[in-house]
Amino acid sequence: MIEVKHFLDEVSPQDGCRIWVEPIGLTLDLQEWCSVDYVLAHIGPPPPLRQWFDHHPDDYECFRGLYHEHLSQGPYKRRLHRLAVDTACGKNITLLHDEDDP
């Protein structure tokens, strides 16, 4: 199962692997404090797309499509596929973000 949480939300045993996916890094002390297993800032939305969405928050479906297109054409497609396979095999993954609205 894939879950989405704010990085300051309570850590749960059901979280499984906790992955930071914002397009900015995370300091080592915050990684430890928030029990972040991996920092994958490079798979977060690119800054221009993030900025566009900040100005068009009601157009989530368009943002989602553009973001999926970005991920499908990017160099991390195989890694993302591996995450999908892991979740299909019953592993829990929690994607961590820092926004007010997940």
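In what order do the four strands of the open sheet lie? The model is predicted, and in it the order is 1-4-2-3, with parallel pairing.

Select strand 1 (2-6) and strand 3 (38-39). These are the edge strands, and each pairs on one side only. Next, select strand 2 (residues 17-20) and strand 4 (residues 93-97). They run parallel and are joined by four bridges. Within this pair, look for isoleucine 19, which stands opposite leucine 95 of strand 4.

Now show helix 2 (residues 47-55) and helix 3 (residues 60-73). Their axes come within 10 Å and cross at roughly 175 degrees. An angle over 145 degrees counts as roughly antiparallel, so helix 2 is roughly antiparallel to helix 3. To see the contact, display Leu49, Trp52 and Phe53 on helix 2, then Tyr60, Cys62, Phe63, Leu66 and Tyr67 on helix 3. The residues of this contact are eight nonpolar, no polar and no charged.

Turn to the salt bridges, of which there are six. Select lysine 5 and aspartate 15, whose side chains meet in one of them at 2.8 Å, N to O. Lysine 5 is in strand 1, while aspartate 15 is in the loop between strand 1 and strand 2, ten residues apart. Both aspartate 15 and lysine 5 are buried.

Move to aspartate 98 and arginine 50, a salt bridge with its closest N and O atoms 4.0 Å apart. This pair links the segment after strand 4 to helix 2, across 48 residues.

Finish in helix 4 (residues 77-88), where arginine 82 and aspartate 86 lie four residues apart, about one turn of the helix. Their salt bridge has its closest N and O atoms 2.9 Å apart. Aspartate 86 is buried, at 16% relative accessible area, whereas arginine 82 is partly exposed, at 47%.

Terms used: Residues are numbered from 1 along each chain as its sequence is written. This is a predicted model: local features need pLDDT of at least 70, side-chain atom pairs count only at pLDDT 80 or more; totals for chains, interfaces and linings use all residues. Side-chain values use heavy atoms; hydrogens and water are left out. Axes are lines fitted to C-alpha atoms, for helices over the stretch in contact, and angles run from 0 to 180 degrees between N-to-C directions. Helices (H or I, at least four residues) and strands (E, at least two) are DSSP runs, numbered from the N terminus. Angles under 35 degrees count as roughly parallel, over 145 as roughly antiparallel, 65 to 115 as roughly perpendicular and the rest as oblique. Contact means heavy atoms within 4.5 Å. Ala, Val, Leu, Ile, Met, Phe, Trp, Tyr, Cys and Pro count as nonpolar, Asp, Glu, Lys and Arg as charged, and the others, Gly among them, as polar. Two strands pair if DSSP finds at least two bridges between them. Buried means under 20% relative accessible area, exposed over 50%, partly exposed in between (1.4 Å probe, protein chains only).
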